[in-house]
Structure formats: structure tokens, C-alpha cells
2 protein chains.
Amino acid sequence: MRKESSTNLENEVQINASCGMAYTLDLIGGRWKPTILWRLLNCGSLRYSKLRKSMPNISERILILQLRELENDGLVSRMIFPEVPPRVEYKLTELGLRLEPVLRLLSDWGDANRPTGD
Amino acid sequence: MRKESSTNLENEVQINASCGMAYTLDLIGGRWKPTILWRLLNCGSLRYSKLRKSMPNISERILILQLRELENDGLVSRMIFPEVPPRVEYKLTELGLRLEPVLRLLSDWGDANRPTGD
DNA sequence: CTCATTACTTACATTTATGTTAGTACTATA
DNA sequence: TATAGTACTAACATAAATGTAAGTAATGAG
């Protein structure tokens, strides 16, 4: 939950409104969003259970939270199939797909510049 | 301060080690780092006081904290001039400069895709 | 009736990020 | 002596992000 007013929030809002970089990072940042976006980018469309199994260390609560945020930000769409047991598929929206070059560059830069493990 | 062990930290370490995107975002993410990096990128070298005056809403403590983290991560260098009053200049290292295309792409994407204010 | 499957939700707890306020050492200048 | 400028630091406080454990509704299979 977020407070309705706090210096913290005011700063966030103001920076996101004035700095494109901060805005983009706010959309894709956080512990798990990069991984989620990467999976959706590479798989096209993923059922919730499959996405979850591909990320063994995230808790269900957090996964759902992140998916909801991505959905609210317009990057991911959620499609419910009226079946039993339920089936819900997530995929990138058009806006989300537009992130592809950004995600690839971030990934490449990290792989190229991360200190090696030896 | 960070705990020496927690699921939270373990997840962070593990993701950063396996996902280039997460690693990059960890370096440049957070409330103020994008702005700091942007200033240094455009100004070349900045004295602490000038940097601070260009960011009226950040508290000194946080600014110093972010600068220290950027320095520890090798993106920013800190040069002390033995004068009185003290003078300290910050600038991007070679590694930091390598981020330029990443930062520009993030900035351009945000400016292009941020919902307009009307 | 019992159990399994799916996509969640709820209540709670901990960890991390960010912010506030005051203070420091040094020296030049008035 | 008092004041101002610089680049910080310390103690404290709050907000936000992340994690844990358990529970739910619907239905088909056995």
C-alpha cells in the first residue's frame, strides 16, 4: 500500500513526470519484472502456472502483484479462458512489445559488463 | 544496512548473477541514480555542490549514499582537490560512459511512450 | 465423498529504500 | 569574534518492497 502523500511519493511522481529515463525504469524495474518481461518476450504468451514454474523463487503473492502492476501500466495483457480448471494467459501488449529493444540492450550491456565469476 | 542473509537478498544476488538485464537495472535503478547519471553524462564533471543544487529535492544524505554506491559499482569516480573550502568533483568512469547508449534509449523510450499530461 | 488442479487472495512479518534534522572540521573574510 | 562556504556524517524516523503461510472457489476424476 502506498501513502497518499509523502515526500517519497511526491519525489517519485515529480521525477517520473520530468525524466523519461526514470519513467521507463519505474515501469520495468524491481526484483522480478525484468524476468517476467523476458519470459513473455521469448514465449509470446504464457499461462500463469507455466510462468510461475519458470520462476521457482518468487512467491505467488509477489508474482501476482508484479503481473497486476505490469497490467495496470499497460505492458501486459491478461486473458481469462472460461474453463475449469481456470486458465489465464499473459502476454505483452503492443506497448510491452515496444520495449523489446530496450530490454535487449539492458540485457546485452549487463552480460558484457558484469564482473565475471572467476 | 543490509542483512547478511535473507531470502530477499539471496533472490537479488541470484537474479543479478543470472540475468544481465536485472544486473544493469540494479546499477542504474533507484529514485535518483538516473538523474545523477544524466547530469554527469551531460556536464562531464561536476562539483558536489553544483550537483546538489541541480537536484533541489534530494536530501544530502541520500545524494551522498547514491554517489557512494555508484562509485562502489565503478560507474562514477570521485576526485578530491586539497583546497579550502574543500572541492570534490564527480564524473563518469569509462564504465559509466559505456552506459550512454543505454541511458539514451531509456530516456527516449520514456519520452516517447509516457502518457501525455492532457 | 475425497482429492487434485488452477489462479488466485488474505493476514501478517521482515527487509530495504528513502527522508529529516542536526551537527562536524576546516579556513577565509568581515 | 562572528559568519559563511564546502563536503560531508550521525542518529533517528518513515515508506515501500518483498517474503511467508495459509486459505478460497470451482469442478472433474476416482
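How far is a phosphate oxygen of DNA strand C from an N or O atom in the side chain of A:Arg78? In this predicted model, where local features need pLDDT of at least 70, side-chain atom pairs count only at pLDDT 80 or more and totals for chains, interfaces and linings use all residues, the distance is 2.4 Å. Residues are numbered from 1 along each chain as its sequence is written, chains are lettered from A and ligands numbered from 1 in the order in which they are written, and side-chain values use heavy atoms, with hydrogens and water left out.

A polar side-chain atom of B:Ser6 lies 3.3 Å from a phosphate oxygen of DNA strand C, and a polar backbone atom of A:Val88 is 3.4 Å from one.

Altogether, 29 residues surround DNA strand C, and the closest include A:Arg78 and B:Arg61; a residue is near the strand if one of its heavy atoms lies within 4 Å of it.

Elsewhere, helix α3 (residues 33-43) and helix α7 (residues 100-113), both of chain B, have axes that come within 11 Å and cross at roughly 120 degrees; axes are lines fitted to C-alpha atoms over the stretch in contact, and angles run from 0 to 180 degrees between N-to-C directions. Contact (heavy atoms within 4.5 Å) involves, among others, B:Trp38 in α3(B) and B:Arg104 in α7(B).

Methods:
Helices (H or I, at least four residues) and strands (E, at least two) are DSSP runs, numbered from the N terminus. A polar contact is a pair of N or O atoms within 3.5 Å; within protein, one must be able to donate a hydrogen and the other to accept it, and residues adjacent in sequence count only if both atoms are side-chain atoms.
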